[in-house]
Amino acid sequence: MHPIRSAGSSGDPDTSGRPSVLHLDDPRADDPALTGARAAALAAAAEAGLPVLPGFVLTTSTVEVLAAGRPWPRPVQDAWRDLSADGTRPLVVRSSSTVEDLGESSMAGRFESVVGVRGEAEFRRAVDVVIASREQAAAASEALTGREPLAVLVQPLLSARCGGVLFGIDPVSGREDRLVVAAVTGGPDRLVSGEVDGSRYELHPDGRRVAVSTGDGGARLHRRQLRQLAQLAAGTAELFGGPQDVEWGYGDDGRLRLLQSRPVTAEPRGRPQGPVLGPGPVTETFPEPLQPLEVDLWVTPLREALGRALVLAGTAPAAAVDASPLVPVVAGRVAVDLDLLEPRGGSPSLWERLDPRPRLRRLHASWRVGRLRSALPALARDVVDAADAALVEVPGLADLDDRQLVALLHRLRPALTAVHAHELLVGLLVDPQAPRTTGATTALRVLANARRAGLTDAEIVAEHPVVLALAAPQVGPRPTLPPGVQAPEAGPPGDETEPGVLREALRLRARWLQEAGARAAWVLAERLTAAGRLPRPDDVRGVGLDELTAAVTDDAAPLTARPVVPGEPLPARFRLSDTGHPVPVGGGTGATGAGGGTGTGPVHQGADPPEGAVLVVRTLDPGLAPLLPRLAGLVAETGSVLAHLAILARESGVPTAVGVSDALDRFPPGTVVRVDGATGQVDRQEES
């Protein structure tokens with residue numbers, strides 16, 4: 001489909017030698033310095049055969065002539081007369097600045113457009129309005145000066161049956177295997193102005209529908225139209241070298257027209273693939289981003305332990321575990337394979353209903369887990385004792401040479417794997433609602449009392465290592481304990497044979513083993529820095545364990561820190577794309593109540609919530625524990641009812657809901673909500 005070519009001269013040049021007017025089919029019109037970014041894009045699209053309406057552009061030099069109050073160039077009047085059929089055809093007069101419609105910023109809505117322009121006097125007023133909007137936009141923006149080159153684009157007004165916006169990628173998630181179309185009856189200006197919501201179509205790149213939602217003023221699009229829009233998305237992406245944000249319209253003649261094309265300002269994140277991942281269950285263990293050495297020391301044992309536990313408990317077949325990343329690390333943020341941990345929803349297929357193998361596996365797993373259930377408490381106590389013995393046997397780190405320190409780092413990893421594996425298996429036996437005292441509860445009480453007694457944090461850690469349950473693991477000089485804690489009320493006593501108590505004991509040993517590795521690595525880092533092999537001790541975090549081992553074994557081996565720039569907090573549920581980016585996905589098992597009764601209050605997001613607020617967070621960070629006494633409720637997008645913070649919140653009587661998808665977006669600050677800790681339901685409340 002090719003554009004209609006406009007007749008008429010390209011216009012006499014002004015005193016600078018530049019043309020006063022350029023038609024969109026003029027080869028020079030795709031120069032943004034002459035016609036601005038918007039018109040130049042349409043000119044390039046017209047030249048490529050995309051369905052662009054005819055039109056002309058008052059060039060940037062002409063706009064300066066008119067802005068200075070000088071007479072209108074004759075070619076402008078001739079071009080208007082030709083395109084408007086001597087004033088009988090309505091026009092659209094739009095800005096085309098050199099700073100509009102760029103990849104970094106669209107500047108959408110900053111400059112004026114005038115629709116339905118008739119007659120020469122009205123046309124001149126419309127051009128004056130667009131030119132004047134340059135200074136008006138600058139007055140409302142720190143990024144604009146009011147002197148940016150500006151052209152004026154003039155086209156016929158499309159009498160549109162329907163129109164809208166087409167995104168060449170999902171503008172929210174950035175996934176590149178999806179197109180998003182918003183459609184309204186009439187022209188797209190009703191949509192972009194916010195007058196109506198329109199219908200939303202999510203499409204495969206070939207135009208097949210993935211999802212449809214209908215909003216106010218929405219238009220129904222047929223399959224042929226969706227395919228044409230998909231082809232338009234592909235054509236503009238190929239022409240401009242990347243996915244585009246396109247305004248389009250179907251005229252009364254049924255033909256699709258391209259009205260505007262600019263780069264999508266959302267970051268392209270590739271095509272998602274592989275299992276659904278999420279930070280939920282591991283965020284409380286690793287609430288802060290990790291560096292390469294910390295990943296080697298702590299994530300690798302957790303990954304191995306999770307694989308063992310899933311196979312031993314019959315939760316997942318060995319082949320699925322082997323094929324899974326289990327515990328991937330994305331820009332320093334730790335996640336877990338939710339496809340293996342969460343029950344799958346949906347109705348089984350006919351083959352799945354007839355296939356006997358899953359039932360046989362479940363039968364075998366039941367038998368195995370039954371035996372495991374009876375033996376596990378004794379095994380877990382043995383692991384706790386073994387971990388304690390291993391920690392007691394660690395000599396003073398200052399007494400170890402460099403090779404012994406590295407050997408200690410390697411020995412701690414299998415011990416940590418065993419503790420993690422038993423912790424995960426014991427977790428299968430834990431009743432989520434069973435009241436008990438957690439390691440975090442004890443740690444808060446010990447920390448508050450020790451500070452009242454005047455002990456420093458270093459002395460507290462040395463005398464009461466239980467407080468490490470409140471500190472995120474990190475290779476460094478010392479752990480960071482939370483400030484301003486209050487001693488919670490004592491929870492009910494627990495029998496050391498109870499699964500919940502055993503699980504807490506195992507979790508605490510895991511934290512102690514992590515801290516032993518962190519201290520050993522730091523002592524080694526200080527020595528390497530003193531020897532001139534590292535610029536500073538903290539750089540050891542950016543060195544992998546194998547490279548560190550080689551450097552200690554061989555003085556000539558290179559030692560280069562490669563720190564990871566921490567990424568943004570991970571979405572609650574995502575897939576990794578083919579470019580390595582996390583791409584959010586929906587679904588999930590839904591919200592779960594973690595106890596604490598019910599509570600109502602205004603939503604707070606971020607640090608320092610006021611008294612009586614409902615704190616809404618992405619993850620259950622143990623560092624939030626000191627805030628619990630002041631909360632009316634706690635809502636988390638991810639996490640488990642067995643997380644330290646969830647248990648502590650329940651003990652403190654704070655209604656808690658976990659796994660509440662999109663909670664940060666659904667409940668903005670100030671929204672009054674009611675949290676039901678029994679069901680996990682979070683409901684908006686009408687303010688009185």
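This is a predicted model: local features need pLDDT of at least 70, side-chain atom pairs count only at pLDDT 80 or more; totals for chains, interfaces and linings use all residues.

Author: Two strands pair if DSSP finds at least two bridges between them.

Strand 18 and strand 22, the latter covering residues 656–658, pair in the antiparallel sense over 2 bridges. Within that pairing, G593 has A657 of strand 22 as its bridge partner. These strands belong to an open sheet of 7 strands with mixed pairing, in the order 18-22-21-20-19-23-24. Its edges are strand 18 (592–593) and strand 24 (682–684), each of which pairs on one side only.

The part for a close look is strand 10, residues 244–251. Strand 6 (residues 160–167) pairs with strand 10 in the antiparallel sense, over 7 bridges. In this pairing G164 stands opposite W248. Strand 10 is also joined by 7 bridges to strand 11 (residues 256–263), and the two run antiparallel. There, Y250 stands opposite L256 of strand 11. Strand 10 and strand 11 form a hairpin with 4 residues between the strands, where G254 takes a positive phi near 80°.

Burial in this strand is complete: 8 of the 8 residues of strand 10 are buried, so the strand is largely enclosed by the rest of the structure. One set of residues, Q244, V246, W248 and Y250, points one way, while D245, E247, G249 and G251 point the other way, and both sets are buried.

E247 also takes part in a charged contact. Its side chain meets that of R94 in a salt bridge, at 3.9 Å from N to O. R94 belongs to strand 3 (residues 91–97) and E247 to strand 10, so the pair ties together parts that are 153 residues apart in sequence. The relative accessible area of R94 is 12% and that of E247 is 11%; with the cut-off for burial at under 20%, R94 is buried and so is E247.

R507 forms a salt bridge with E423, with the closest N and O atoms 3.9 Å apart. R507 lies in helix 16 (residues 499–530) and E423 in helix 13 (residues 402–427), so this pair ties together parts 84 residues apart in sequence. R507 is buried at 9% relative accessible area, and E423 counts as buried at 11%. Elsewhere, salt bridges that share partners join R175, D177, R178, R200 and E202 into one network.

The salt bridge between D78 and R81 has its closest N and O atoms 3.6 Å apart. D78 and R81 both lie in helix 3 (residues 74–83), 3 residues apart, or about one turn of the helix. D78 is partly exposed, with a relative accessible area of 34%, and R81 is partly exposed at 35%. In total, the structure holds 27 salt bridges.

Charge also gathers on the surface, where R209, R220, R223, R224 and R227 form a patch of positive charge. Helix 6 (residues 223–240) contributes the largest share of this patch, 3 residues. R227 lies in that helix and is partly exposed, with a relative accessible area of 43%.

How values were computed
Residues are numbered from 1 along each chain as its sequence is written. Side-chain values use heavy atoms; hydrogens and water are left out. Patches are made of residues with over 30% relative accessible area and no salt bridge: like charges are joined within 9 Å, nonpolar side chains (Val, Leu, Ile, Met, Phe, Trp, Tyr) within 5 Å. Accessible areas come from the Shrake-Rupley method with a 1.4 Å probe; for residues, only the protein chains shown count as cover. A salt bridge is a side-chain nitrogen of Lys or Arg within 4 Å of a carboxyl oxygen of Asp or Glu. Lys and Arg count as positive and Asp and Glu as negative; His and the chain ends are not counted. The place of a charge is taken as NZ of Lys, CZ of Arg, CG of Asp or CD of Glu. Buried means under 20% relative accessible area, exposed over 50%, partly exposed in between (1.4 Å probe, protein chains only).
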